[in-house]
Amino acid sequence: MKTYDSVLIIYNARLVDSSIDSPGMVVLQDGKISGVFFGEIKDAKNAMRVASAVLTDMDLKPVYFDAKELTLMPSFVDMHVHFRYPGQTKKEDLNSGMQAAVAGGYGTVVAMPNTVPVVSSAKLARQIMQEAKEKDMLKVFQTVSITKDFEGQDVSEIAGLKASEFPVISEDGREVASAAVMLEAMKAAGKNSITVSCHCEDPTLAEAAKPYRIRALSFMKQYNIPAGKVHVKVPDVPDSVNFEIDGCLTAANQLLALAEDTATERNIEIAKKAACHIHICHCSTAISMDAVRRAKALIKAGKTQTGFDCTVEVTPHHIALAGTDAPYLRALVNPPLRSEEDRSALIEAIKDGTVDLISTDHAPHTLEDKAAGSPGFTGLETAFAVCNTVLVKREGISLKQLSRLMSENPAALLKINAGKILTGYDANLVLVDPEETWTVNPEKFYSKGKSTPLEGKKLTGRVHAAFYNGRQVYSLDKKSK
Ligand SMILES: [Zn+2]
């Protein structure tokens with residue numbers, strides 16, 4: 001990693017991480033946070049005087065950044081993005097995905113392996129990570145698939161992986177259908193202290209849901225109802241058709257809820273036996289969340305074997321939107337947007353500490369692919385604003401707690417020295433305005449994925465600047481707002 005012959009001093013800020021909420025300033029040197037100071041430090045001269053205590057090279061001319069009225073937080077860490085690279089670069093590529101991540105305030109992301117080809121080898125994953133490293137905008141962890149080529153059989157690659165390089169593996173996008181294969185995979189991962197991120201979805205129930213989605217999509221096609229754009233008013237669609245579409249999608253969603261709940265239970269039980277750390281990704285139902293809650297209670301009570309651990313993530317869209325708001329049904333995603341009861345259960349689980357972290361499941365598609373029914377949408381550039389709006393502004397969760405969910409906890413899971421404003425930690429920071437309200441316009445996204453159910457929504461909380469490795473990598477001012 002490059003280091004820079006410079007010192008960056010960010011002063012006149014409000015510093016917030018999981019345990020700090022105070023005015024102050026930071027000094028960044030050689031890619032690390034080398035000093036954190038509290039109190040009102042409003043001008044560069046004063047900042048220089050304070051910083052001099054930690055400057056190692058007095059010949060270097062510090063760069064000063066006045067963070068007036070902005071909040072400095074540790075960069076966000078995303079355990080779940082789809083960069084579609086290699087092979088699907090019409091949807092996204094490494095560059096656009098990384099640009100989107102930086103604009104969203106992320107300093108570390110974990111990329112899923114459901115690409116073309118599937119990332120099934122340490123060799124290919126290393127190549128991708130090397131390419132990402134050369135772009136020098138944020139840290140990318142590339143996951144390797146649980147089974148070779150997503151074929152659900154061969155798990156031999158896992159034994160050769162080291163946790164320092166591959167802290168997480170995943171089959172995201174699909175489930176490992178065979179419980180016996182999953183057990184073998186989790187045993188191998190457990191041995192190497194690698195976390196298995198599980199996309200919990202029983203494949204037979206998911207298959208049963210498909211005809212309903214196809215029927216809904218065929219109606220949408222017939223009446224020219226756009227699948228990617230959700231706020232376009234379509235005239236001349238009879239109520240009976242809307243009713244039919246909602247009915248089909250509701251039937252599909254009920255099957256997909258059962259698919260998630262049965263698979264979550266199954267995978268937790270397998271992980272217990274295998275003494276493996278299971279990470280439940282995009283948990284979206286009350287029942288699945290309760291399975292995680294029970295597993296955590298057993299761990300706390302010392303009733304599970306060493307090596308078993310269970311963490312869980314939720315996505316911004318599942319905490320912000322319920323599928324009962326009809327138009328959003330047309331923005332398909334897996335798992336689907338759930339009922340209001342499920343959405344509330346996720347918020348409750350955040351409040352009671354069951355939820356470990358928030359991941360975007362950033363899943364960009366072209367508008368043509370969305371119209372053809374591809375599930376998922378772009379999420380990196382709206383994540384902080386959604387979480388700030390829903391959790392901090394509406395639910396009264398503190399910004400400190402949000403920092404724990406978006407930075408500290410995922411960083412701890414990846415075992416990286418990031419996610420806190422602490423001397424010696426990586427100088428990956430983000431400047432936000434938690435009070436600024438803006439309107440989501442996907443045309444302005446860096447991501448190639450221009451589809452989001454949040455299109456046209458007003459959100460509160462905006463990323464103004466991002467710093468990676470001690471150097472500024474994003475500025476909202478330089479983007480046409
Ligand atoms: Zn998934």
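I began with the largest cavity, in which about 80 Å³ of space lies; on a 1 Å grid over the protein atoms alone, a cavity is a set of points where a 1.4 Å probe fits but cannot get out, and a volume is the space filled by probe spheres set on the points, which are joined across faces, edges and corners. I noted that this is a predicted model, in which local features need pLDDT of at least 70 and side-chain atom pairs count only at pLDDT 80 or more, while totals for chains, interfaces and linings use all residues. Residues are numbered from 1 along each chain as its sequence is written, and side-chain values use heavy atoms, with hydrogens and water left out.

I then looked up the lining of the largest cavity, where lining residues have an atom within 4 Å of a point, and found among them Pro 316, His 317, Asp 361, Phe 377 and Leu 454. Helices α8 (316-320) and α11 (383-394) each supply at least two residues of that lining; helices are DSSP runs (H or I, at least four residues), numbered from the N terminus. I recorded five nonpolar, six polar and one charged residue in the lining of the largest cavity, where Ala, Val, Leu, Ile, Met, Phe, Trp, Tyr, Cys and Pro count as nonpolar, Asp, Glu, Lys and Arg as charged, and the others, Gly among them, as polar.

Next I turned to the largest pocket, which holds about 870 Å³ of space; a pocket is an open set with protein on both sides within 12 Å along at least five of seven lines. Its lining has 40 residues, of which Gly 173, Arg 174, Glu 201, Asn 334 and Pro 375 lie nearest the centre, and helix α5 (residues 203-222) gives the most, with seven residues.

Last I looked at helix packing. The axes of α6 (residues 239-274) and α7 (residues 286-300) come within 8 Å and cross at roughly 20°, with axes being lines fitted to C-alpha atoms over the stretch in contact and angles running from 0 to 180 degrees between N-to-C directions. The two helices α6 and α7 are therefore roughly parallel to each other (angles under 35 degrees). Their contact, meaning heavy atoms within 4.5 Å, includes Glu 260 and Ile 268 of α6 and Ala 291 and Leu 298 of α7.

Note on methods: Angles under 35 degrees count as roughly parallel, over 145 as roughly antiparallel, 65 to 115 as roughly perpendicular and the rest as oblique.
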